[in-house]
Amino acid sequence: MRRRLALFGHHLLLSKRPNILRPLPTLLPLHPLAAFPSRRLSSLSPKEDGVGLCCHMWIDSFRHPDRAVTSLSPFLRRFDLWLLAYQKVATDETGSYTPRSSVPSSTLQDLLALRNAVLDGKFRWGSRLKHWIKSPRDKTDYDSLSKRKIKTILTTTQPAPFQDKIVQEVLLMILEPIYEPRFSPKSYAFRPGRTPHTVLRVIRRNFAGYLWYIKGDFSVLLDGMKVGLVINSLMRDVRDKLVVDLIKDALVTPVVTSDVEKKEKKKKRKYQKKRVLAEDEPKPDPYWLDTFFGFAPEEAQRVPNWGHCGVLSPLLANVCLDELDRWMEGKIKEFYVPSKSDVIWNSPEEEQGNTSWPEFVPTSGPDKTRKMDFVRYGGHILIGVRGPRADAAMLRKQLIEFCDQRFLLKLDNESLPIEHITKGIMFLDHVLCRRVVYPTLRYTATGGKIISEKGVGTLLSVTASLKQCIKQFRKLSFLKGDRDPDPQPCFRMFHATQAHTNAQMNKFLSTMVEWYRYADNRKKIVNFCSYIIRGSLAKLYAAKYKLRSRAKVYKIGARNLSRPLKEKKGQSPEYQNLLRMGLAESIDGLQYTRMSLVPETDYSPFPSNWRPDHEKFLLEYIKLEDPKTLEEQKSCIEEQGLVAPQDYISMLVWNYKRNSLPMDQFSLVKSNESVVGNQHLLVGSNQDDQDCLNKEEGENDERMNAAQV
């Protein structure tokens, strides 16, 4: 009966009275535990899987971001984490996801042996002959290898062992949630939720009005750092001996590389067979993605790889460079000197000010605001200074001394150049420069007369570098020539069909459009990329189908190359008829063949205290899980005389059940001024219903007696 009542009430509320469930305008969001009794993640269960355990670690780390971690061994003992790490590494190895239920028992036993070896201190990094667990693709029988093959394995460069990748993945899943809430918001590389686009949007918002810029290249540190510095930086927050020793061994153990590379002789081959992929071998990157990787900016090309740390290396690099970020944050606070006469930074409530408006005053002078800002992407930093050049030179001197003392890195003035905004500063393949605008100023003069006049202001412009784009295309052999670039045919796609080639290039163009999303010259740069790719394809088709020139290719295949080029008139049916019968492959034309088809630049506002989505969700969950939040919301509801949605729905269902009379929200709130009054209403309705039931029972008894007589 209860189930029927619930279904009836749910159907009735959703179908007949949809406006009843409309939330009140002043009602705050309720605590999730008040509506649904859920299990708290802070209490670990032995049946919890690896994903739930990772969620618990992230929530606990963001709840206590400054707490030193002394014991991580309980997490290393959890077999669920090891199984999750195996699934991730096996997916990267084979290219297909392995469900938990599909992992064979022999693999589980090997994985358990690897975990025990790590806990007992028997695991060794870079072991090439003794494997606790092997890759699903590795079918080699190491016990039956000859001495020559064993010597080759031990002396030549080999990929990282499969078991090393699993241990690295487990350590990453444990350490990343510990350090993410501790990292500075000024660092953006090798962190989840932060991309080069985030850096460009931060620069567009916060670096307006800065005159002097200091660029620093610390990418030498990404190639390798002293083991003592890495361990000391790690032990500031993590003091578990087992984890620290594992990472220290990974840094100290030498990596075997072969010095002598065999020179392959060039052999003339008439025919090359297509290589057939193995059953578990992942497919290589498609042509469009492999080509786009060639457009990686200089700041993002170098990824750290220290010893046997593997995927742990970027995290360790951020741990070491976090001290630089904190030092720069302190310098930003010391350098800040506000001025009330300044247009931008004259608000006491917000130090940043509204930097999106043009600045209608000179940017230098003793009575102007002195301020600086800083961002770091990997091993590259960008510092913006508003003030005299002497202040930027003093800051550069202090930065050189800090890097010498802390990182043992010798820098000079040439490695940290100071450039003026008028010269254009290159960062992430975008040029930061100053753009002059002439907005119309309207103000009311004495007597109420409205005066309109044109003013002069400057804005920060983030422009994609056309010169850098040409350089990257030349490196990928798409064009040649400096002054007048000439597209070259991409012969790598010679044996592909026209439909497949066009589809690959469309994906590449779509990726380029997304990469230059926040550039002021987005239309111009994407139109240039489309011209180069279209010309390259036209030359390829001219050589493939023997059409001699690009003009003939465009004449047959149209401007966007969407018509088939291999058919001749009079020898086969028309392309549309073949396409209708399903005998021809659909050919998509190239995108963005005209500048009007390229989307506009994205100028959406960027919040000042921006956080990635996963961090906002974690902080919101922690706030809602706090009992104080529920008490505050309950007191707010009682003060405003509102009704909680749960109580309101329960009263509606109760009244439908007992009285079959609908009650709207207005009448309910009007007749019940508080939640206590509503409870009295429920008690009163219960008593009336009980009296009616007693009366009906008395009448039934009288009828039964009359029937017996």
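Modeller: A residue counts as buried when its relative accessible area is under 20%. The structure discussed here is a predicted model.

Colleague: Is Arg-201 buried or exposed?

Modeller: Arg-201 is found in helix 9, which covers residues 196-206. The cut-off for burial is under 20% relative accessible area. Arg-201 has a relative accessibility of 19%, so this residue counts as buried.

Colleague: Which residues does Arg-201 touch, not counting residues up to four places away in sequence?

Modeller: Contact requires heavy atoms within 4.5 Å. With residues up to four places away in sequence not counted, Arg-201 touches Tyr-518, Ser-604, Pro-605 and Phe-606.

Colleague: What separates the C-alpha atoms of Arg-201 and Val-462?

Modeller: Along the chain, Arg-201 and Val-462 are 261 residues apart. In the model, the separation of their C-alpha atoms is 9.1 Å.

Colleague: In which sense do strand 5 and strand 6 pair?

Modeller: Strand 5 spans residues 425-427 and strand 6 spans residues 430-437. Met-426 stands opposite Val-431 in strand 6. In the hairpin of these strands, with two residues between them, Leu-428 takes a positive phi near 55°. The pairing of strand 5 with strand 6 runs over three bridges, and its sense is antiparallel.

Colleague: How many bridges join strand 6 to strand 9?

Modeller: Strand 9, residues 457-464, runs antiparallel to strand 6. One of the pairs places Cys-433 with its bridge partner Ser-461 in strand 9. The number of bridges joining strand 6 to strand 9 is eight.

Colleague: Are helix 3 and helix 8 roughly parallel or roughly perpendicular to each other?

Modeller: Helix 3 (residues 50-63) and helix 8 (residues 162-179) have axes 8 Å apart and pack at an angle of about 25°. Their crossing is right-handed. Angles under 35 degrees count as roughly parallel. Helix 3 and helix 8 are therefore roughly parallel.

Colleague: How many residues in the contact of helix 3 with helix 8 are nonpolar?

Modeller: Helix 3 supplies Cys-54, Met-57, Trp-58 and Ser-61, which meet Met-173, Ile-174, Glu-176, Pro-177 and Ile-178 of helix 8. By class, one residue of this contact is polar, one is charged, and the nonpolar ones number seven.

Colleague: Are helix 3 and helix 22 roughly parallel or roughly perpendicular to each other?

Modeller: Helix 22 covers residues 613-625, and its axis lies 10 Å from that of helix 3, at an angle of about 75°. Trp-58 and Phe-62 of helix 3 are among the residues making the contact, as are Leu-618 and Tyr-621 of helix 22. Angles of 65 to 115 degrees count as roughly perpendicular. Helix 3 and helix 22 are therefore roughly perpendicular.

Technical notes. Residues are numbered from 1 along each chain as its sequence is written. This is a predicted model: local features need pLDDT of at least 70, side-chain atom pairs count only at pLDDT 80 or more; totals for chains, interfaces and linings use all residues. Side-chain values use heavy atoms; hydrogens and water are left out. Two strands pair if DSSP finds at least two bridges between them. Helices (H or I, at least four residues) and strands (E, at least two) are DSSP runs, numbered from the N terminus. Axes are lines fitted to C-alpha atoms, for helices over the stretch in contact, and angles run from 0 to 180 degrees between N-to-C directions. Angles under 35 degrees count as roughly parallel, over 145 as roughly antiparallel, 65 to 115 as roughly perpendicular and the rest as oblique. A crossing is left-handed if the near helix is turned anticlockwise from the far one by less than a right angle, and right-handed if clockwise. Ala, Val, Leu, Ile, Met, Phe, Trp, Tyr, Cys and Pro count as nonpolar, Asp, Glu, Lys and Arg as charged, and the others, Gly among them, as polar. Buried means under 20% relative accessible area, exposed over 50%, partly exposed in between (1.4 Å probe, protein chains only).
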